[in-house]
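Welcome, and please have a look at the model below.

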Amino acid sequence: MKKLQGAHLRKPVTPDLLMTPSDQGDVDLDVDFAADRGNWTGKLDFLLSCIGYCVGLGNVWRFPYRAYTNGGGAFLVPYFLMLAICGIPLFFLELSLGQFSSLGPLAVWKISPLFKGAGAAMLLIVGLVAIYYNMIIAYVLFYLFASLTSDLPWEHCGNWWNTELCLEHRGSKDGNGALPLNLTCTVSPSEEYWSRYVLHIQGSQGIGSPGEIRWNLCLCLLLAWVIVFLCILKGVKSSGKVVYFTATFPYLILLMLLVRGVTLPGAWKGIQFYLTPQFHHLLSSKVWIEAALQIFYSLGVGFGGLLTFASYNTFHQNIYRDTFIVTLGNAITSILAGFAIFSVLGYMSQELGVPVDQVAKAGPGLAFVVYPQAMTMLPLSPFWSFLFFFMLLTLGLDSQFAFLETIVTAVTDEFPYYLRPKKVVFSGLICVAMYLMGLILTTDGGMYWLILLDDYSASFGLMVVVITTCLAVTRVYGIQRFCRDIHMMLGFKPGLYFRACWLFLSPATLLALLVYSIVKYQPSEYGSYRFPPWAELLGILMGLLSCLMIPAGMLVAVLREEGSFWERLQQASRPAMDWGPSLEENRTGMYVATLAGSQSPKPLMVHMRKYGGITSFENTAIEVDREIAEEEESMM
C-alpha cells in the first residue's frame, strides 16, 4: 500500500511548463524523503526526552545559584509567575508548532516565510549555548574521574596548587564550638582545587590572554563530544532510548542527596534561608530578568529543542497533557534540587560559623566548590562524590542531545536531498566543528570566555526571538488559525488562558523584561575580575547578531517575491502552499490536498497566482479570511 501511495504521489498534475526548476525539485524532495525523517518509537520516548531536556544542569547548577544570589526564597515568586505567564504558554506553543508541521526550526517557518530569520536566530543561539554547555559537561567528567580514588584530591591542603591561604575548614572548631581562625582570610581546598587546578586560572591575566590549553580539560571535552555523537548517531531513535536511563536515574540520586542533606546538623539554616522570601529583592529588575532567563534555560523555550522533539511526534500526540507534566515536573525538580543544595549550605554555615549567604562565593562554580567540599565531610566521600557528578553528567547529556538534534534536524529539513541520507556524517562534522570552537574554553582563561558566552549568547537575543515567534504566530498567522490547527491535532481549542498569554501577557512581559535588561545593563564579571570594554562589546554583538538575523530574513523573503513592496510583504507573510500536516491523511479542511504532488488543482492555482496567473485564489483567500473574522466575532 505504501508503494502504491508513493507511486501516486510521484505523479503531479501541475504542468511542468508552469513550474520553475526549484518547484519541481521541491516536489521530489517532499515525496522521497518524507518517510525517511523518522519518528519516536513510542510516546514515552518523547515525554522522557522533554523531561531530560528541561531537567538539566540548570536545575542543580543554575537554579540554586540564581536563587542564592537573588534573595533565596524571594526568587521563587518571580520564578513561578514567569512560569505561568511565559513558560507554560510558550512551551505549549512551541510543541504545537513542531507537532503540527513535523518540521524543524527553519522549515517550520513555512507558516510565515517572512519570519524565517527567527529560526536562523534560534540555531545561532542554540549553537553558542551547545559550545559552552558541553564544556560544563567536561568539567563534570573531570570531577567524575577525580572521584575514582580513596581520598578526594580537594579534601586536603598541601598540594602543589594550594596557597598559604588554604585552610581545611573541617575540624577547625575547638572544644567549645568556637572558630579559632578568621575564615574570611582563608580559602577552602575545594575552591583552590577548582580555580587553581581544574581551571588553572592563575595562568591567565584575563580574557585577552587565555594562556595555554589544559590538556586534561581538552581530553574531557573531546570525550563529552564523543558521547554526545554516539547517542545521537541515529537521531531520535537512539537518543530516545538513552533518555530512559539519563532522564530517570538523576531523580534517584537527587533523592538520596536530599535525604542525606536534610539529616545533616544545621541543614535547617540553609532551608530557612532558601524558603524565607526577602521581598526587597523583588524591587530589582535583575531578579525578574534572572527569573525569566531561568525559565528559558530550564524549559528550553526559544531554543528550538521543544519544536524539534515535537516534530517527531505522531499528529495526535497529547502535547497539552505533556506540557503540564514537563513544566510542573521541572519546577518541582528545581525546588528539590534547591533543598539539596541549601541544606548543605546550612550545614556548612554551622560548621564554619558564618552566615549562609557567605558560605560560598557566587559564580558558576557553585556545584564544583560547595558540593565537593560537602562530600569531603561525609563518610565514604568518594562514593557520594561519584554519584553526584554522575547525576550531573546524565542531567547535562539530555540537554546537549536536544541542542545537537535541533541543529541537525533544522539543517537536514532544509536540504533533505543532500543531507538526510548522510545525517550521520553531518552530525559528526557538527560535533567536530563545535569541539574545535570550544577549545578556547579549555585554556587557563577559558572560564572568562564561558562567562561571556553564558551572559550574552542567550540573554536579550533569546527574548527577541521568543517575542518574534509569539507575535508572528498569533498576529500574522492568526490566533484563530493557530487554535484551529491545534483543534485538528488534539480535538479541542486552547482556552482563554493560553490565548490571553499568547496575545498579550507573554509578549508584553518579555518586552518589559527586554527593556529593563537594556536599561539596567550590568557588565560581566567573574569574582573580582571585571571584563574589559572590548569583551563587553563582543558579548553585545553576539547577542545582537541573533537579533539581526530576523530583519535579514525578512529582507530575503521580500526580495524573493514579486510586485510592489506591499504586495511582496503580504505574499511573504502568508503561509507557504504546502504548509500544514506532513501526511495527507492528517490534512483536513483548508489543508486538504495541498501537498506537493497532490492531484488537487489547488497547488496549480497557488502557483499561477504567484507567477501572474488567475486571481480566483485571491477570492478563495478572502473567503477564508472572512470565515476567520466571523469566527473571531462569534467567540468574542
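This is a predicted model: local features need pLDDT of at least 70, side-chain atom pairs count only at pLDDT 80 or more; totals for chains, interfaces and linings use all residues.

A salt bridge here is a side-chain nitrogen of Lys or Arg within 4 Å of a carboxyl oxygen of Asp or Glu. By this rule the protein has 7 salt bridges. Residues are numbered from 1 along each chain as its sequence is written, and side-chain values use heavy atoms, with hydrogens and water left out.

**The whole protein**

Let us start with the overall picture. The secondary structure amounts to 25 helices and 2 strands; helices (H or I, at least four residues) and strands (E, at least two) are DSSP runs, numbered from the N terminus. Of the 636 residues, 59% count as buried. Buried means under 20% relative accessible area, exposed means over 50%, and partly exposed lies in between, with a 1.4 Å probe and protein chains only. The protein exposes about 26,300 Å², and carbon and sulfur atoms supply 66% of that area. Such areas come from the Shrake-Rupley method with a 1.4 Å probe, and for residues only the protein chains shown count as cover.

Contacts (heavy atoms within 4.5 Å) tell how the chain comes together. Among contacts between residues at least 6 apart in sequence, 81% join residues at least 24 apart.

**Charged pairs**

| Salt bridge | N to O distance |
|---|---|
| D578 and K110 | 3.0 Å |
| R321 and D322 | 3.3 Å |
| K423 and E405 | 3.4 Å |

In the pair K423 and E405, distant parts of the chain are linked: K423 belongs to helix α18 (residues 423-437) and E405 to helix α16 (residues 381-414), 18 residues apart. Both K423 and E405 are buried.

D578 forms its salt bridge with K110. This pair also links distant parts of the chain, 468 residues apart, with D578 in the loop between α23 (565-573) and α24 (602-610) and K110 in the loop between α5 (76-101) and α6 (116-146). D578 counts as buried because its relative accessibility is 17%, whereas K110 is partly exposed at 24%.

R321 is partly exposed, with a relative accessible area of 42%.

**Two backbone angles**

Next, two residues other than glycine have a positive phi. For S102, phi is near 55 degrees. S102 sits in the loop between α5 and α6 and is buried, with a relative accessible area of 13%. For H200, phi is near 50 degrees. H200 lies in the loop between α7 (189-198) and α8, and its 18% relative accessibility makes H200 count as buried.

**A nonpolar patch**

Now to the surface. Which residues form a nonpolar patch there? They are F145, L148, L219, L222, L223, V226 and L230, with about 640 Å² of accessible area together. Patches are made of residues with over 30% relative accessible area and no salt bridge; like charges are joined within 9 Å, and nonpolar side chains (Val, Leu, Ile, Met, Phe, Trp, Tyr) within 5 Å. Helix α8 (residues 215-231) gives the largest share of the patch, 5 residues. L230 is found in helix α8 and is exposed, because its relative accessible area is 52%.

Finally, let us look inside. On a 1 Å grid over the protein atoms alone, a cavity is a set of points where a 1.4 Å probe fits but cannot get out; a pocket is an open set with protein on both sides within 12 Å along at least five of seven lines, and lining residues have an atom within 4 Å of a point. Grid points are joined across faces, edges and corners, and a volume is the space filled by probe spheres set on the points.

The second largest pocket has a volume of about 1,200 Å³. Its lining has 38 residues, and K286, E290, D455, Q522 and P523 lie nearest its centre. Helix α12 provides the largest share of this lining, 6 residues.

The structure also holds 7 cavities of 30 Å³ or more. The largest cavity has a volume of about 140 Å³ and is lined by 16 residues, of which G58, Y133, Y297, S298 and F403 lie nearest its centre. α4 gives the most to this lining, with 5 residues.
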